[in-house]
Amino acid sequence: MGVLTRAVRNVSRRKMRALLVIIALGFSMAIMVSVPAGIVANQKAAQSMTANFNSTLTTMQEQINKTATLIECQTSRGMFSGGPPGFSPGGSEQQQTYVEESVANEIRSISGVKDVVEFLTVSSKETTSETINGPGGRTFTISRPVYTITGVTLISSFIDGYSILPTNITAGRNLRQGDSGVVLLNPNLTAYLGVGVGDKVEIYGESFLVVGVCDEAGQGRFEARSAYMNITDAQTAASLTGNLSRLDVYAENVSYVDSIAEVISLAYTSLQVTTYKDRLSQLDNTQTMYNETLASAQATVSQTETVATQEIMIAVVATSLIVLLFMLYTVRERTKEIGTLKAIGFSNWNVMSQFVFEGMLLSLVAGVVGIAIGTVGAPLLSGILLPQISPFGSRGNSQFQPGGANAGNFGNFGILGVSTVTVTPGLQTMLIAIGAAVLLGALGSLYPAWRAARTRPAEAMRYE
Amino acid sequence: MSEAVLRTEKLFRTYEMGKRKVPALNDLNLQVNRGEFVAIMGPSGSGKTTLLNVLGCLDKPTSGKVVLDDVDVANLPERELCKIRRDKIGFVFQTFNLLPYLNAAENVELPMENTKKTRSERRKKARELLRMVGLEGREEHRPQRLSAGEQQRVAIARSLANDPAIILADEPTGNLDTQNKYEIVRLLASLNIKQKTTIVMVTHDSHVASHTERMLFLKDGKIVNEKQGLHLTKKKLSCPHCGNKIQPNEEKCSICGKRLLNPKEVLI
């Protein structure tokens, strides 16, 4: 019959009381377990965000370097203006304008121009409305065209030399020179239409054969539903024969870019001209935005650590207090027993160790319960107790989704990506929590145990 | 080793109630010899329990000597006192004071916990003691499953765990019915005879006290009277009430009709 066995029997003697104390202690311990896990999750989210941003910026920089001689000439609406292509926030309608094919021929004659690639991008008049859930419980209603078609000049040298078509073909084949009456669809449109390679689809009343499906980089669930085809087919289908919405002008070398861009801008005011300098400027803006987001994330991490420290301190004090009060009550209740133990020869140390062991045992059990609660409830608890990193600056849920890069599209560096960081207490945290529980149990029961040990046996024997 | 196992000299114990001083023991001199069975009697507030606490090293005297087994324990530090309580003294309380979460054997083992005895030795000794007090087969029973008399037997077995020099019993029959009261007195008397255990028993029950060897009467913290008891096995077999000669198996005196404590019943 050792001190440990007696401690076990004493703790289990009053089951309901012990259970209540264990539950109370368990919640304190759960905070101790889940809060550090929340900090780690936030730190990982910030790291993941930094890594994604860096990757995006590197890709953008590489893309700019590759397309240094490209001068983009776009009619209105096709240009990015704060939302994804084909994205029409709030349902407001912009007037699409076009230029005639003769403009392309005129541009070809400008000194230093190597190639001009013609595009026609048209969105359907019919739209669909959808409601999406944003961070912080906010909801958005988006309206987007049923489909957006892009007609491309299908010349082999253009297809091979410039990035004029999606390159990641997931089914079927890509478009090639001489194609007519065929389309390449992105997954959003195949999903919407419920078609695949080899099927016939009707676009603008014309029938097309689906020859391939492409997976566009950064393609999200709410991006456009796109179809790519021969430019002539697109012009015919959309009844826009001889019209273009975009011209990709390639200079002989970088030194011609500025002069060509200046001539085009002056001669064709309806075209919005962007060069590598504009793209670099956009890169700078993006970098600034990312830096601000990262600074905000870092501030949240720091704030999280401060809040977590305070909460852990409160949990530590609460745990110690619960043990202290419980053990004080126990000592008072068992005064006569203490007197008996001393009368039969127990030393102060024997009596003290008995009560300290009981406090430690109680806390150990509570620690295990706390870890169980903390492990299951870590996402919820850390969500309630800690500020969460959010690219929108508001409190999000416990799963943060740092940014995913959209490499091929400078206009859409979406920061809602796909990677997630889940709040899960690690083994090390659990072991530390168990150690802390036992230590706090010992500390909390030290004073009551000392009081028990100091009890004068003659007085204890009189206690009723 | 002297004949006296316990001796007090000019023993004072004064309680301070605010500014008022209340003397509980007042120049008390006492000697208990080895193998004696002594009863301490007196009215409420006479100092009986205080004396027992001081003798049992549960309380310290204000002044005076308490010599236990030739050692003056009055001014020993607490660390030494707990060893003396463990090795030299066995306590029996009116309310038994058994630990409710331990069974009978574990309760008896408890005082041996901090000795050099191994676990198996402690277990064996506890079982022997329980058998000696008539509780064979009840070793695994917790106190709440034992009768009051059985609980007091466990307490007596516990008091004997470390073969103490003296047993101090504070009203050991105070919470018992008549039947159990006599059984416990017989048990104590038997231990006194068979084990030569020295016993000092505080009681207010004159009939219980009469079955000891010596009765000390306490009043206002002093021994005011002393009488010989009726510990029949050590006396001539005569009725303590009328002096008539009695036979060993008689329960009542044939002349005065009063109840007798039969020595054969006492011996287990």
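**Figure 1. Helix α5(B) is mostly covered.** In this predicted model, 11 of the 12 residues of α5(B) are buried. A residue counts as buried if 20 or more other C-beta atoms lie within 10 Å of its own, as exposed if 12 or fewer do, and as partly exposed in between; C-beta atoms are placed from the backbone. The buried residues include Gly149(B), Val154(B), Ile156(B) and Ser159(B). Helices (H or I, at least four residues) and strands (E, at least two) are DSSP runs, numbered from the N terminus.

Residues are numbered from 1 along each chain as its sequence is written, and chains are lettered from A and ligands numbered from 1 in the order in which they are written. Local features need pLDDT of at least 70, side-chain atom pairs count only at pLDDT 80 or more, and totals for chains, interfaces and linings use all residues.

**Figure 2. A six-stranded open sheet in chain B.** The strand order is β6-β7-β8-β3-β9-β10, with mixed pairing. Two strands pair if DSSP finds at least two bridges between them. The edges are β6 (89-92) and β10 (222-228) of chain B, and each pairs on one side only. From one strand to the next, the twist averages 20 degrees. β6(B) runs parallel to β7 (residues 166-170) of chain B, and four bridges join the pair. Ile89(B) stands opposite Ile166(B).

**Figure 3. Two loop residues with positive phi.** Glu171(B) lies between β7 and α6 (178-194) of chain B. Its phi is near 50 degrees, a positive value in a residue other than glycine. Glu171(B) is buried, with 20 other C-beta atoms within 10 Å. Lys196(B) sits in the loop between α6 and β8 (198-202) of chain B. Phi of Lys196(B) is near 60 degrees, again positive in a residue other than glycine. Lys196(B) counts as exposed, with 10 C-beta neighbours inside 10 Å.

Figure 4. Five bridges join β1 (residues 4-17) and β4 (residues 63-68) of chain B in the antiparallel sense. Leu6(B) has Leu68(B) as its bridge partner in β4(B). Axes are lines fitted to C-alpha atoms, for helices over the stretch in contact, and angles run from 0 to 180 degrees between N-to-C directions.

**Figure 5. The side of chain A that touches chain B.** The contact takes 18 residues from chain A and 21 residues from chain B. Two residues are in contact if their C-beta atoms, placed from the backbone, lie within 7 Å. On chain A, α1 (3-13), α9 (335-343), α10 (348-385) and α12 (457-462) each supply at least two residues. α9(A) gives the most, with five residues. By class, this side has seven nonpolar, six polar and five charged residues.

**Figure 6. Lys114(A) and its neighbours.** Lys114(A) belongs to strand β4 (residues 113-123) of chain A. Lys114(A) is partly exposed, with 14 other C-beta atoms within 10 Å. Not counting residues up to four places away in sequence, Lys114(A) touches Tyr250(A), Ala251(A) and Glu252(A). The C-alpha atoms of Lys114(A) and Val249(A) are separated by 7.7 Å, although these residues are 135 apart along the chain.

**Figure 7. Confidence along chain B.** Chain B averages a pLDDT of 87, and 90% of the residues score at least 70. pLDDT is the predictor's confidence in each residue, from 0 to 100. Confidence is highest in helix α3 (residues 104-109) of chain B, at a mean of 95, and lowest in helix α8 (residues 263-266) of chain B, at 42. Over residues 263-268 of chain B the pLDDT is below 50, and this stretch has 17 contacts in the model beyond near neighbours in sequence.

Technical notes:
Nonpolar A, V, L, I, M, F, W, Y, C, P; charged D, E, K, R; others polar.
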